[in-house]
Amino acid sequence: MELSWLEDFVELAAVRNFSVAAAARHVSQPAFSRRIRALENWVGAELIDRSSFPVSLTTAGETFLESGRELMREIYRLRDDCRQQVASDGEALTFSALHTIALSIFPDLLRRIEEKAGPFVTRMNATDFYDSLEALSLGRCEMALCYAHPLGPPVLQTGRFLFKKIAIDPFVLVSGTQTGGQPIFEPASDAGSEPLPLVSYSSDCFLGKIQAELVLQLRQRGINVRTVFENSMSEAVKRMVETGKGVGWLPLSATRRELADGRLIALEAGVERVELEVLVYRRVGASSPTMERFWAAIPATEPGTAVRRADAPRTAKTGSGRARDG
């Protein structure tokens, strides 16, 4: 049995809905259903009565839930006790973050924290949206950094987590520039104008879901858009925009240098202004002295209110695919 199966079952028992539980666990519904079925196969009994809506627990499921919750608490308590025994001031802190945040935001964040609290040994796993949150949920890292916005997938709707909002990162439409500094491409709603070439994010990544809403708004304004290149990473999108392939939306943190030296220029598209929240998450409970020292030094943008339990549902669109980059 995998611990993640038990966590899935506890989540499903709480919400009694497969799709809601799958979103909270940051997996697709088919994958979530397979994991619940795998748990039932391991137990040797059906735990969920799927004939009702909302779903309910069988008698075996009720029995398993009570002991399963206690088992989860004991496993995490054992892990925390072991970590406390080996903790030292020189231990490395492990982070998981979207590629864009790992490259464009984390280095400056670490510098500011070390100026305040002294040096740290850190490890960074740059990965996709869901994997970074899953790494935190499964204890593979101490902290996870990700974007959050109502147009994107929900972020850690339930569970034993705290977070701080550390920055706002505007999501801007940019174009490469001509020799005179003018944009190569600009949005135009004239009936005879050529479609606007778009360097696009993959549809299943976090920023791709936000981009889809913005493209829809462009089309509602009469601006035609055609995709000329697609990738899941902001760095790849930026390089293609810079070479003149088309326009593209990018986090401001990833484009400051290119905007400052004139290689890129921000465009006014007349669509919703998107400001991505940059959040850093940790699990609830005592951790190592090094972890607590780092957490206390994180400069939150909303002192006094930015640290909250991540246990309330967020209003957001939920995708069924696996996201890859920020």
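Q: Which residues form a nonpolar patch on the surface?

A: Met1, Trp42, Val43, Leu71 and Ile75 form it, with about 430 Å² of accessible area together. Areas come from the Shrake-Rupley method with a 1.4 Å probe, and only the protein chains shown count as cover. This is a predicted model: local features need pLDDT of at least 70, side-chain atom pairs pLDDT 80 or more, while totals for chains, interfaces and linings use all residues. Residues are numbered from 1 along each chain, and side-chain values use heavy atoms, without hydrogens and water.

Q: Which elements give two or more residues to the patch?

A: Helices are DSSP runs (H or I, at least four residues), numbered from the N terminus. Here the elements are α3 (29–43) and α4 (59–86); Trp42 lies in α3.

Q: How do α1 and α3 cross?

A: Axes are lines fitted to C-alpha atoms over the stretch in contact, with angles from 0 to 180 degrees between N-to-C directions. The axes of α1 (residues 3–15) and α3 come within 9 Å and cross at roughly 110 degrees. The two helices are therefore roughly perpendicular (65 to 115 degrees).

Q: Which residues make that contact?

A: Contact means heavy atoms within 4.5 Å. Among them are Trp5 and Phe9 of α1 and Phe32 and Trp42 of α3.

Key:
Patch = residues over 30% accessible without salt bridge, like charges linked within 9 Å, V, L, I, M, F, W, Y side chains within 5 Å. Salt bridge = Lys/Arg side-chain N within 4 Å of Asp/Glu carboxyl O. Parallel < 35°, antiparallel > 145°, perpendicular 65-115°, else oblique.
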